[in-house]
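Biologist: Could you take a close look at one part of this model for me, beginning at the surface and then moving to the strand pairing? Please give the cut-offs for each term as you go.

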Amino acid sequence: MFPMKLSHMLRYYGFLRLVTSPSRVVAAGREVRVFGAFAKLCRNMSYTTVERGALNSTDYRVYFKNDTDIPISPMHDIPLYADKENKILNMVVEIPRWTNAKMEISLKEALNPIKQDVKKGKLRYVANCFPHHGYIWNYGALPQTWENPDVLDEATGCKGDNDPIDCLEIGYKVAKRGEILKVKVLGTVALIDEGETDWKIIVIDINDPLADQMNDVNDIEKHCPGLLKATIEWFKIYKIPDGKPENQFAFNGEAKSREFALSIVDEVHEHWQHLIQQETDSGGIICSNVTVEDSPYKITAEAAEEILEKAPKAELELQSVESIVDKWHYVHLK
């Protein structure tokens, strides 16, 4: 019924942009209702990844493409909401559960690929703090969000950390790096990391068997006993093996409700909107995108393809990892 690809359909019908409602578009300055099937297609865009460089090396990158095979930014081109009406969000998985490599969306590179963080010339790996191994959730970020470092967070009294907002997915499945999950929000905790607000939005994959039974933060303890406590402990101690002090939390580590978490998500989405429209200082963040209408940073599909073409080619041979990464650290809280 719909033989044309999405970008061609938008161009064919003269649609200027998709708005927040999944069943409407704005065309020539007036609202137009569209076919339900078309709206569903918009909500269910698929994404693929392209790996470049060698894993466990400073050259390693994960780039993203949309369903028309155009390279995109996971930070700017993937919509925050997969289904706004039902509050279903897209989550970009940076770090699969049980792994140690500190992967993150690179804000200082064109198209914002996922890369491994580097400190003092060395790749960063999170320490195993007994009894935890690596990250204990699928860890990632919500696209089209930004914790503005120049804005004081009213809830915490600290400024943002200059990153997209972090996401902890607690379902049973170990996700893949670069996977885009559709998730529902359950709650949030607020880490105070070196004086900056670092929200952690707790979510669950909507396809998880427990998803229908989990609708708010109180359901986490009911269905996943001990997970919230382990989450707070993990964030408090994970930097101690590196010689840093115990991390602190706002609200004494209390997890806030789904409604509260959604309000934080909307707030950081608004910060991103100011960023992508060049209404605030980008602070060095690369805002190149291929889909955000009226953005001064929008580039052509050809320019995006050229960026990907210049990236280091993929290598089959993995680089070795130092054995210290597997060490188990025994840390005691004061």
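Modeller: Tyr330 lies in the segment that follows β19 (328-329), where strands are DSSP runs of E of at least two residues and helices are runs of H or I of at least four, numbered from the N terminus. This is a predicted model, in which local features need pLDDT of at least 70 and side-chain atom pairs count only at pLDDT 80 or more, while totals for chains, interfaces and linings use all residues. Residues are numbered from 1 along each chain as its sequence is written, and side-chain values use heavy atoms, with hydrogens and water left out.

Tyr330 has a relative accessible area of 57% and is therefore exposed (exposed is over 50%, buried under 20%, partly exposed in between, with a 1.4 Å probe and protein chains only). Together with Phe130 and Trp328, Tyr330 forms a nonpolar surface patch of about 360 Å² of accessible area, by the Shrake-Rupley method. Patch members have over 30% relative accessible area and no salt bridge, nonpolar side chains being joined within 5 Å and like charges within 9 Å; a salt bridge needs a Lys or Arg side-chain nitrogen within 4 Å of an Asp or Glu carboxyl oxygen.

Turning to strand β8 (residues 88-95), eight of its eight residues are buried. Pairing requires at least two DSSP bridges, and β8 pairs antiparallel with β7 (residues 81-83) over two bridges, with Tyr81 opposite Leu89. Four residues separate these strands in their hairpin, where Lys87 takes a positive phi near 60°. Strand β8 also runs antiparallel to β16 (residues 180-193), joined by five bridges, with Val92 opposite Ile180, and to β14 (residues 138-141), joined by three, with Val93 opposite Gly140.

Definitions and conventions:
Areas by Shrake-Rupley, 256 points an atom, 1.4 Å probe, with all protein chains shown as cover.
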